[in-house]
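Biologist: I have the sequence and the fold open. Can you walk me through a few spots?

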Amino acid sequence: MDKSLIDKQNRLDKRYLEMANIWSQNSYCKRRKVGALLVKDKMVISDGYNGTPSGFENKCEDENGNSFSYVMHAEANAITKIAKSSNSSEGATLYATSAPCIECAKLIIQAGIIRVVYSEMYRCDDGKRLLEQAGVEMVYIPIK
């Protein structure tokens, strides 16, 4: 690939990650805020941040700071949001402020997402390893 095209893609990747980081601030979670954007053909087609399902109180942690089991990850929110629309995530890139967990990795594979760009490592790398095994391109770009 042409160096100027690679440079342009790197700039776009950083911008979309910055946007995902801004979007993460919509989360009501106190312990950790995560944002995600789905991009296809240079258009944002979906977004998400970690939080509770629709209709639940916007409270993510119990009194001890532990996340409730029903809290959804940013990637899952973005993928399920696009599932309710007329758009398709087939061939899209997911930009997330954190590397995906194993559960989100499964959703990413099933959604036809071909590339994941993330800016922070997740505490466990099994999601990243599954995505690599499935042929999903993984790109780590620290933005902080």
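**A strand, a helix and a hairpin**

Modeller: Start with R115, which sits in strand β4 (residues 115–118). Keep in mind that the model is predicted.

Biologist: Is R115 buried or exposed?

Modeller: The cut-off for buried is under 20% relative accessible area. R115 has a relative accessible area of 11%. Therefore R115 counts as buried.

Biologist: Which residue's side chain makes a polar contact with the side chain of R115?

Modeller: Leave aside the neighbours within four places in sequence. R115 is then in contact with Q9, D13, A92, T93, L94, Y95, V136, E137 and V139. One of these contacts includes a polar contact of 3.4 Å between side chains. The partner there is E137.

Biologist: Now helix α2 (residues 74–83). How many of its residues are buried?

Modeller: The helix is mostly covered. The buried residues are A74, E75, A76, N77, A78, I79 and I82. They pack against β1, β2, β3 (93–96) and α3 (102–110).

Biologist: How many bridges join strand β1 to strand β2?

Modeller: Strand β1 covers residues 35–40, and strand β2 covers residues 43–49. The two run antiparallel. A36 of the pair stands opposite G48 in β2. The number of bridges is 6.

Biologist: Which residue in the hairpin of β1 and β2 takes a positive phi?

Modeller: The hairpin has 2 residues between the strands. A positive phi near 55 degrees occurs in this hairpin. The residue is D41.

Note on methods
Residues numbered from 1 in each chain as written. Predicted model: local features only at pLDDT ≥ 70, side-chain atom pairs only at ≥ 80, totals over all residues. Heavy atoms only, no water. Pairing = 2+ DSSP bridges. Helix = DSSP H or I, 4+ residues; strand = E, 2+ residues; numbered from the N terminus. Buried < 20%, exposed > 50% of the residue type's maximum accessible area, 1.4 Å probe, protein only. Contact = heavy atoms within 4.5 Å. Polar contact = N/O pair within 3.5 Å; in protein donor to acceptor, adjacent residues only side chain to side chain.
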